[in-house]
Amino acid sequence: MMKLSNKLGIGTVQFGLEYGINNRMGIPSDEEINHILAYYRQSCREPLIDTAVAYGNSHERLGIAFQKDNNYKNCIVSKFSPRVRTAQELRDECQTSLQILKVEALYGFLAHSAETLITNPSLLEALLELKKEGYVEKIGVSVYFPAQVDYFIDKDLPIDIIQAPFNVFDQRFAKTIELAKSKGIEVHTRSAFMQGLIFKPQPFFEGYFAPFLQGKKCLEDLAKTYDIPVQGLALAFCLKQPFIDRVIIGVDSKHNLEENIEAIAFFESSGLNETILKRFQELESIPEEILLPYNWPK
């Protein structure tokens, strides 16, 4: 049986931006990024690194790291800017990303916003051309709403990867990405920790964030009952889904990554069966507008 940690992918937004509601570490140093990548490669049989043009200078920092360790040439997924409007702009952004990352091709090249392809279908043709020419292996979209997944499936559009948010709190995509997987589309998920929200203390879940409290209590109760770290349960809920190929987690230190991989291993060795994880599927749904981090109070 494949280790759950082999489905982990590394998100790199923290390499270029101070990101996340629970980010206390800030942006890691170049040395720390090298440590993160080295440990990840040792811990995951098939590494996958997720990045984007919009992630500050994460491309540049990855490119520096790849000069010292070139074992990541075939496992990088990048997302192009929503500002791209023409096929030439898309090609230019792809070529610039390859140059900065110091790789010859990307494993995946996604629209950072699905609306970019929905409103401008010519960009899909441009993506297919880049794929045909060998600059990218797979093309796809990052989505924020289940209806966006439905759009690509209903029109039978030739995308290879869909990336969607999925976690204990936000299960809106469960049915749509399961359908996508059945159509042969590779499914990546993000926000396993709801951008760090699961680590906030209970008093935080008052006012605006009150709808998250039930899920928070469920996590903490199960963690206490079975003596499993909260992040191990949260990650296992995503990793155990058969329709999810990759779970992308943000990392700001090697220690942070070690804790997450150890928490997953702890869950695997606990002997807990999947009926425990079904507790999360029974949680009440949270209004969509509250699930979207860009709506959260600053």
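Two strands pair if DSSP finds at least two bridges between them, and the legends below apply this criterion to a predicted model.

**View 1. Strand β1 and its partner strand β2.** Strand β1 (residues 8–11) and strand β2 (residues 49–50) run parallel and are joined by two bridges.

**View 2. Strand β1 and its partner strand β8.** Strand β8 (residues 246–250) also pairs with β1, in the parallel sense and over four bridges, and here L8 is the residue that stands opposite V247 of β8.

**View 3. The two faces of strand β1.** In a regular strand the side chains alternate between the two faces of the sheet. In β1, L8 and I10 lie on one side while G9 and G11 lie on the other, and with all four of these residues buried, both faces of the strand are covered.

**View 4. The buried face of helix α6.** Helix α6 (residues 122–132) has as its buried residues L123, L124, A126, L127 and L130. Seen down the helix axis, these buried residues fall within an arc of 160°, so they line one face of α6. On the other side of the helix, E125 and K132 are exposed.

**View 5. The surroundings of helix α6 and the residue that follows it.** The cover over the buried residues of α6 includes the strands β3 (76–80), β4 (106–111) and β5 (136–142), together with the helices α4 (87–101) and α5 (114–119). After α6 comes G134, a residue whose phi is positive, near 90°.

Definitions and conventions. Residues numbered from 1 in each chain as written. Predicted model: local features only at pLDDT ≥ 70, side-chain atom pairs only at ≥ 80, totals over all residues. Heavy atoms only, no water. Buried < 20%, exposed > 50% of the residue type's maximum accessible area, 1.4 Å probe, protein only. Arc of directions from axis to C-beta. Contact = heavy atoms within 4.5 Å.
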